Amino acid sequence: MSLLAYLLLLPASVWLLGAVFSLFDRGDRATVLGRIAVRGLPFVAVALVLGDRAAVPALAAAATVATAHVAWSWLSQAIVRRGRLHPNED
Amino acid sequence: MNPWVVNLRDAAAGDAALTGGKAARLSRLARAGMTVPDAFVVTSAAFTAHFPAVSEVPAQAPELQPMLRQAIGAALLAQFPDNPYLVVRSSALAEDSAGASFAGQHESYYYVAPDDVPDKVVDCWLSLWSAPARHYRAARARDGAGRGVDPDPCGELAMAVIVQRMVQAERSGVCFTCDPTGRYPDHAWIEAAWGLGAALVDGRVSPDRLLLERGGTLVRREIGRKRQKVAATLSDPGDLRLEPVPLLQQTASVLSERDAADVLDKSLEAEALFGGPQDVEWAYQGQVLYLLQSRPITTKGPPRSRTPGADPAGRGPAGRWVLFKPLAENFTEPLTPMSVDLFRRVLPPIGRFIDGHYYLNLDLAARLLPLRWRADELVKVLLLREEPAALQLSPWRLPLALLGLAGLYLLDGVSWHRSARVTRADLQDYATLCRKLLAGRDEVPAVLHRLVVGSGHPFEPIGRRAYYLNVSAGRYFLLLGALGRLTARYAPGLDPQLVQSLCSGDGNTSSRHLVEGIRALAAIARGDAMLGEALAAGDPTALAAVLDELPPDHRFARALDAFLQRFGHRCSKEMELSTPRWREDPLPLLLMVRSYLRSPPGPPPDTHADYLLARNRIREALPRRWQQRLADYLIERIRYYVSLREDTRHYHTMAMDVVRTRLLGVEQKLLATRRLRVPGDLFYLTWDEVRDLEQARLGWHDVSARIRTRRQAHRRIAREGAPETIGVTPADAENVGATNGVDNLTGQCASPGTAEGRARIVLDPALAHDLEPGDILVAPYTDPGWTPLFPLVDAVIVELGSFLSHAGTVAREYGIPCVVDVADCTRTLKEGQRIRVFASAGRIEVCEP
């Protein structure tokens, strides 16, 4: 069940963190907080079903997405910066 | 007869084995009575005597034998007793043959004093082993061997040298006695520029281009912006003789209709003499027309598709490639090598640059997409020409594709969601970043990388991440498809054009502000008699003088300054780094102000009212409440993303401005240290070469030949146009968007509506002087630099583009019909011809021949 919750919460985490990271942008803060609240609803739903057991898969899903996002940001930049994509062109 | 030096008018000079292809042909022209400058030829026999082993690169320049030195001296004395400037030109034995032109591969020297002729003869000989010439010979040999025709098309390796009186040309150019691209049978092209022809042949100027029937009738005239010329007199012996063309002359026509007919007449005489189509170099000194060279036309091929290796030099990548429309529609000319080198570092690996144009990798796309489309179907979809009839999913590739999508969502989904609601304040961050990088010390590729891809820091504000903003804005196309399917399913009676009419911006886009800014400048000029007269008179020199004399606190000066502060980074062809921005060269902008002054456009349309009307009609047509709410959401998002697309373009072109400014800074240093000699040459180098110049690992003599070869190649590719596909020729690709008879042209609807008016063919927005209401703009492409022309016309027809194009977005915003992807419309339609545009059907009808 925890694994299923984890897999379900992976896309929900992407959706939620998209709003959380928007706090670094120039949009209206109150609107962004409202969006975070709405996007937290899948987590609330899983918590209502699983109770305490939802904590681990929820935290794991959020951590997975955050780690993947940060790692990908750095990695993709490094690849482009080193010119690995178009080594020899006319 | 001296075997080493012969007069050009002697019969012996017509022997190509002795004097080389160029000299032999010139000799035939001279002996046929045509006006050819006086000359003598140092024959290939002299070359052979000095270079017994030609297969190896000589270790050092040979000492000229006394007999040859004496013969040259005697010829100089006999033919040029008045001590004029001379031209010393190479004439290799294989040069100007039907198999290989060797255009620009060997050296020629201008403004040579008679005393320097012997040294320049040796320099010409040595250019036979220059890197470009060796590369050219190797490519020709490879090409010939690959096709099994002639393994050595370059013939014997030897060179004669022509020593010729220099024509002090005020006007010069090239005449092609038939269209080298094959598009216009029975027509000839003339290219013309100010000053000597070297600037044109080396690709340093955008010449006037005249299309004539072979009978001599002028069919069309394309005026180029001729910013510089090679002076007829030598002011600075150490310089390259390039000088700026006065403002008034830059956009003036070089040849009258009568002069053009004379040039064609003489060129056709040369064609008759040699028995085939010719590429003739000509020059006017006063009213005397000289022929300087005549060579057979060697390049000819259809532009719409190409097979790999079909390039005359044997180049071309393997694989299958399709022109990337979203980039291609911004310009028809190829990017310069510097732009290609920098952009390739930041573009995703889904394609590559070929001859200055970006192509998608068709094989990669076929592998990535979980579909069972044939190559020709995929080509049409990638060219944004039509939707496929059915998706035809591939069952074994679908799970892999879905898995890949899920992985991509996991890695990049956070940024994807974050970029869904970018505010205009977010975009201001981009301007801030540009200012910071402009003042910084980062290397140019790093600056472009930072401005296009971002820093890679996950907390970086989304407004600074151009890549995501562009992807984000493109979402409107998906949402538009969703809205179309919703209405088609639940409101089948609804006019599909109604959905398309929603795809205009919110009326507050940067394009709209730009047009309003020009309108305001025209209004101020109208209120100032002297300024209004200078603008309306159409004399750029007088206009520049009036502007210079304006006090800084003059209303127009202040308004222009404010406009340039905001829009000074814009221009036409703004993706090309070598293009001057309006801030550097405001003449194109002022010419647009003049157009507004002459024919004030009507007030901006109230597209908001149209939008509300369309939205309400869609809502009323949908029966269920959830459908209405979904339609409302989609419509709101579509409008938002369309506006974002226009606005991001405004901000992201700042990146091009920053990179250009930094490049110009580097160029200034290289010019000051004489490692570069001509402004603008830097754009024909790669960044690594520029760095080598900066660090003195390369010098001017190492790069000058490369620059010239690349300029010539750039000019050739620009003239021939880019093929839409390489390595794949879909069965019906030739027919898509093509002319349907002489009376009808077809394309894609980008903005619905109907209009009738005069066709006004505009190839450069800066030269569109006299557009009037009732005109229909016919253009090869449009980018934001063209936006100010839209309110002046009743409809727009564009050669390139798709529904996603800038042309369509702006036309929808101004409520004018627009048809895009109309192949060859700038060539098929005639200036002033009356035409009718049925944009909704994507059809153009010619009302009068």
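Tutor: Start with Arg760(B), which is buried, with a relative accessible area of 8%. Keep in mind that this is a predicted model. The partner of Arg760(B) is Glu831(B), and the two form a salt bridge with the closest N and O atoms 2.7 Å apart. The pair links distant parts of the chain, 71 residues apart. Arg760(B) lies in strand 22 (residues 754-761) of chain B, while Glu831(B) sits in the loop between helix 29 (825-828) and strand 26 (834-838). Glu831(B) counts as partly exposed, at 47% relative accessibility.

Now set another pair beside that one. Arg209(B) and Glu222(B) meet in a salt bridge of 3.8 Å, N to O. This pair also links distant parts of the chain: Arg209(B) is in strand 8 (residues 208-213), Glu222(B) is in strand 9 (residues 218-222), and 13 residues separate them. Both Arg209(B) and Glu222(B) are buried.

A third pair stays within one element. Lys120(B) and Asp123(B) both lie in helix 4 (residues 117-126) of chain B, 3 residues apart, about one turn of the helix. Their salt bridge has its closest N and O atoms 3.9 Å apart. Lys120(B) is partly exposed at 24% relative accessible area. Asp123(B) is partly exposed too, at 29%.

Asp528(B) is another case. Asp528(B) is buried yet has no salt bridge, and the nearest side chain of opposite charge, Arg555(B), is 8.9 Å away. A polar contact of 2.7 Å does join the side chains of Asp528(B) and His554(B). Asp528(B) is placed in the loop between helix 19 (510-526) and helix 20 (529-537) of chain B.

Some charges join into a network. Salt bridges link Asp341(B), Arg344(B), Arg345(B), Glu443(B), Asp688(B) and Arg691(B). Over all chains, the whole structure has 40 salt bridges.

Finally, the interface. Chain B and chain A bury about 3,100 Å² between them, 59% of it on carbon and sulfur atoms. In chain B, Arg344(B), Leu410(B) and Val414(B) lose the most area to chain A, together 20% of what that side buries. There are 2 salt bridges across this interface. Arg418(B) forms a salt bridge with Asp25(A), with the closest N and O atoms 3.0 Å apart. Helix 13 of chain B gives the largest share of the side that touches chain A, 9 residues. The residues of that side divide into 17 nonpolar, 11 polar and 10 charged.

Key
Residues are numbered from 1 along each chain as its sequence is written. Chains are lettered from A and ligands numbered from 1 in the order in which they are written. This is a predicted model: local features need pLDDT of at least 70, side-chain atom pairs count only at pLDDT 80 or more; totals for chains, interfaces and linings use all residues. Side-chain values use heavy atoms; hydrogens and water are left out. Buried area is the accessible area (1.4 Å probe) that two parts lose on being put together, summed over both. A salt bridge is a side-chain nitrogen of Lys or Arg within 4 Å of a carboxyl oxygen of Asp or Glu. Helices (H or I, at least four residues) and strands (E, at least two) are DSSP runs, numbered from the N terminus. Ala, Val, Leu, Ile, Met, Phe, Trp, Tyr, Cys and Pro count as nonpolar, Asp, Glu, Lys and Arg as charged, and the others, Gly among them, as polar. Buried means under 20% relative accessible area, exposed over 50%, partly exposed in between (1.4 Å probe, protein chains only). Lys and Arg count as positive and Asp and Glu as negative; His and the chain ends are not counted. A polar contact is a pair of N or O atoms within 3.5 Å; within protein, one must be able to donate a hydrogen and the other to accept it, and residues adjacent in sequence count only if both atoms are side-chain atoms.
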